[in-house]
Amino acid sequence: MPAAPNTHFDVIHDSLSFQTGAKSIQIITRPVADWLQSIGAISGTVTLFIQHTSASLTIQENADPTVQDDLLSYLEDLAPQGRHYVHSYEGPDDMPAHLKTALTSVSETIPVDHGQMLLGQWQGIYLIEHRAHRHQRQIRLCFTGLRQADSL
C-alpha cells in the first residue's frame, strides 16, 4: 500500500533530558507525545532508551499517584540500601540502584497510530530515579514509521 501524499517512511533519533528528584518517579508521557507530534509521527513505533544504569523506565498505572509510592516502596524492599554490597564505588545507594534498574527496564517500545501512542487508558510512561540524589537523565528516542514529509 503506497504512503499517503505528503508522507514518508523515516527513522528519527533524538533525546530528551529530565531532572529527577531523589528516589522518585516522574511521568514523562506528555513530553514523549509532544516529541511525536513535533516530528509529524503518523504510524509506527517509538522506542525509549535510558542511558543510565541507576535509573529506569516503566509503563504503569497513571490515574492514582499512590501506585508510584507503592512501587518505590516495593523496589526499596527488594534492594534496600544499608545491606552489605561488594559494589559501592559511588556510595551506599549505588548497588541498590543498579539492582532496581535490573528489575525494571531501560527501554520501552510503544506502537503509534494516527500520531498517538497506543497506551492503555490507565497507562503512563515513567522515569524512575533509583539514586538518593537528583540527577540529569538522558532518554534516547527513536521513531520508526510513517510521518508527515514537511515536519522537522
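1. A salt bridge is taken here as a side-chain nitrogen of Lys or Arg within 4 Å of a carboxyl oxygen of Asp or Glu. By that criterion, E90, D93, D94 and R131 are linked in a network of salt bridges. A search of the whole structure returns eight salt bridges, and several of them are taken up below.

2. The structure is a predicted model, in which local features need pLDDT of at least 70 and side-chain atom pairs count only at pLDDT 80 or more, while totals for chains, interfaces and linings use all residues. Residues are numbered from 1 along each chain as its sequence is written, and side-chain values use heavy atoms, with hydrogens and water left out.

3. Overall architecture. The protein chain has three helices and eight strands; helices (H or I, at least four residues) and strands (E, at least two) are DSSP runs, numbered from the N terminus. Their order from the N terminus is β-β-α-β-β-α-α-β-β-β-β. Along the principal axes, the C-alpha atoms fill a box of roughly 60 × 30 × 25 Å.

4. Of the 152 residues in the protein chain, 38% are buried, where buried means under 20% relative accessible area, exposed over 50%, and partly exposed in between (1.4 Å probe, protein chains only). A contact requires heavy atoms within 4.5 Å. Among contacts with a separation of 6 or more, 85% are between residues 24 or more positions apart. The protein chain exposes about 8300 Å², of which carbon and sulfur atoms supply 54%; accessible areas come from the Shrake-Rupley method with a 1.4 Å probe, and for residues only the protein chains shown count as cover.

5. The nonpolar core. Such a core is a set of buried Ala, Val, Leu, Ile, Met, Phe, Trp, Tyr and Cys residues joined through side-chain atoms within 4.5 Å. The largest one has 23 residues, and those with the most contacts inside it are I28, W35, L36, V46, L48, M117 and I139. Two or more residues come from each of β1 (7-19), α1 (29-38), β3 (41-50), β4 (55-61), β5 (107-113), β7 (123-129) and β8 (136-148). Apart from its neighbours within four places in sequence, L36 is in contact with A41, V46, V112, M117 and F143.

6. Helix α1. The buried residues in α1 are T29, V32, A33, W35 and L36. They lie on the same side of α1, because they cover an arc of only 155° around the axis; the arc is that of the directions from the helix axis to the C-beta atoms. The face turned away from this buried side carries the exposed residues R30 and Q37. R30 forms a salt bridge with D34, the closest N and O atoms being 3.1 Å apart. Both residues lie in α1, four residues apart, about one turn of the helix. At 55% relative accessibility R30 counts as exposed, whereas D34, at 36%, is partly exposed. Just after α1, G40 takes a positive phi of about 75°.

7. Helix α3. In this helix (residues 94-103), D94, P96, A97, K100 and T101 are buried. Their arc around the axis is only 165°, which puts them on the same side of α3. The cover over the buried residues of α3 includes β4 and α2. A102 and L103 are exposed on the other side of α3.

8. A surface patch. Y74, L78 and L103 make a nonpolar surface patch of about 320 Å². Patches are made of residues with over 30% relative accessible area and no salt bridge, like charges being joined within 9 Å and nonpolar side chains (Val, Leu, Ile, Met, Phe, Trp, Tyr) within 5 Å. L78 is found in helix α2 (residues 66-78) and is partly exposed, with a relative accessible area of 44%.

9. Salt bridges between separate elements. The side chains of R147 and D10 meet in a salt bridge at 2.9 Å, N to O. This pair links distant parts of the chain, with R147 in strand β8 and D10 in strand β1, 137 residues apart. Both R147 and D10 are buried. A further salt bridge joins the side chains of K23 and E76 at 3.5 Å, N to O. K23 lies in the loop between β1 and β2 (24-27) and E76 in helix α2, so this pair ties together parts that are 53 residues apart in sequence. K23 is partly exposed at 29% relative accessibility, and E76 is partly exposed at 23%.
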